[in-house]
Amino acid sequence: MENSTQESHLRPDNSVTYDSPYPMYAMALSSTQTRNRHHRIAVGSLIEEFSNRVDLLSFDPETLTLNSQPSLSFDHPYPPTKLMFHPSTLQKSSDVLASSGDYLRLWEVRDNSIEPISVLNNSKTSEFCAPLTSFDWNEIEPRRIGTSSIDTTCTIWDIDKGVVETQLIAHDKEVYDIAWGEARVFASVSADGSVRIFDLRDKEHSTIIYESPQPDTPLLRLAWNKQDLRYMATILMDSNKVVILDIRSPSIPVAELERHRAGVNAIAWAPQSYRHICSAGDDSQALIWELPTVAGPNGIDPISMFSAGSEINQLQWSAAQPDWIAIAFSNKMQLLKV
């Protein structure tokens, strides 16, 4: 991890770029390797019409090459709001990719083809569905996927059985993101400005651990620190701040990271370190932060800065390869070595 507050000017040997024919948003990094020891990356288009695309890329960390395979590309209804690979790290003959948009969809990824597995729809009417804003795959219980929707609900699916385990009215307004902490515990953020924690063993109650300082300022994204479940991070709409929360001390952030010069769009905790988090935003910057034990009076400075060509929409930190961070901006997906 680079330990410098100076901007890290990218050299050809520590970044790899993929140019797509269309704008990109959703992005996922596989937790397993292919047979030739490459890593799969899924990228989704952001086209404001029904017909969209998901492409699968193969990344070779030895040669620093990214290649797309036409046979591993498929049409997707509407732009996918999120993509995730199955969280299992076990080597297997095929991978499973999940996507959200109008519904939650599962896809089987083979060496040279992609086949739809299921379309999971909990809508009570066939004509209308409330779009899904996000979802999260439970790493401890991989049969569970939780989705968030603009209809104020979170839905927990048992994907093995293809049935809804439970559906909760989670917030007063649209739910924008969801994150698992434990096998039966998840959290969500909403346009109502709150972070709430739910336990499937007590569905009647939730715990509000943070609310926006300005009433009804939407919270857009939520990231739960898998290395230390006491901590989570969230971002506010049109705000340059990343808010770090300690669930043991509700309502008061333990840190606010305020060095972006425009709104923050994406956050990701380091998969191998509980003290590091990356954020990216409309200032075309991806910043890596090391959280101190105690924040000083002048705030916290990032330890690394990466500049992109335009506003960064999306960010993923590879669990399989923690030295690489993926960002999406305009029609490009870029891998950054940290």
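Reader: How many bridges join strand E14 to E15, and do they run parallel or antiparallel?
Author: In this predicted model, E14 (residues 175–180) and E15 are antiparallel and are joined by five bridges.

Reader: What connects E14 to E15?
Author: A hairpin through four residues leads from E14 to E15. Across this pair, Trp180 is placed opposite Phe186 of E15.

Reader: And which residue of E16 stands opposite Phe186?
Author: That residue is Phe198. E15 pairs with E16 (residues 194–199) through five bridges, in the antiparallel sense.

Reader: Which residue in the hairpin of E15 and E16 takes a positive phi?
Author: Gly193 does, with phi near 85 degrees; three residues lie between the two strands.

Reader: Is E15 mostly covered or open?
Author: E15, residues 185–190, is mostly covered, with six of its six residues buried. Val185, Ala187 and Val189 point one way, while Phe186, Ser188 and Ser190 point the other way, and all are buried.

Reader: Turning to annotation, which residues does "repeat: WD" cover?
Author: According to the unreviewed UniProt entry, the annotation covers residues 168–208 and 257–291.

Reader: What is the strand content over each of those stretches?
Author: Residues 168–208 are 56% strand and 0% helix, and the end C-alpha atoms lie 15 Å apart. For residues 257–291 the values are 54% strand and 0% helix, with the end C-alpha atoms 9 Å apart.

Reader: What is the mean pLDDT, and where does pLDDT stay under 50?
Author: The mean pLDDT of the protein is 91, and 93% of its residues reach 70 or more. Over residues 1–12 pLDDT stays under 50; the model has 28 contacts beyond four places in sequence for that segment.

Technical notes:
Residues numbered from 1 in each chain as written. Predicted model: local features only at pLDDT ≥ 70, side-chain atom pairs only at ≥ 80, totals over all residues. Heavy atoms only, no water. UniProt positions renumbered as here; feature names shortened; annotations may be inferred. pLDDT = per-residue confidence, 0-100. Contact = heavy atoms within 4.5 Å. Buried < 20%, exposed > 50% of the residue type's maximum accessible area, 1.4 Å probe, protein only. Pairing = 2+ DSSP bridges.
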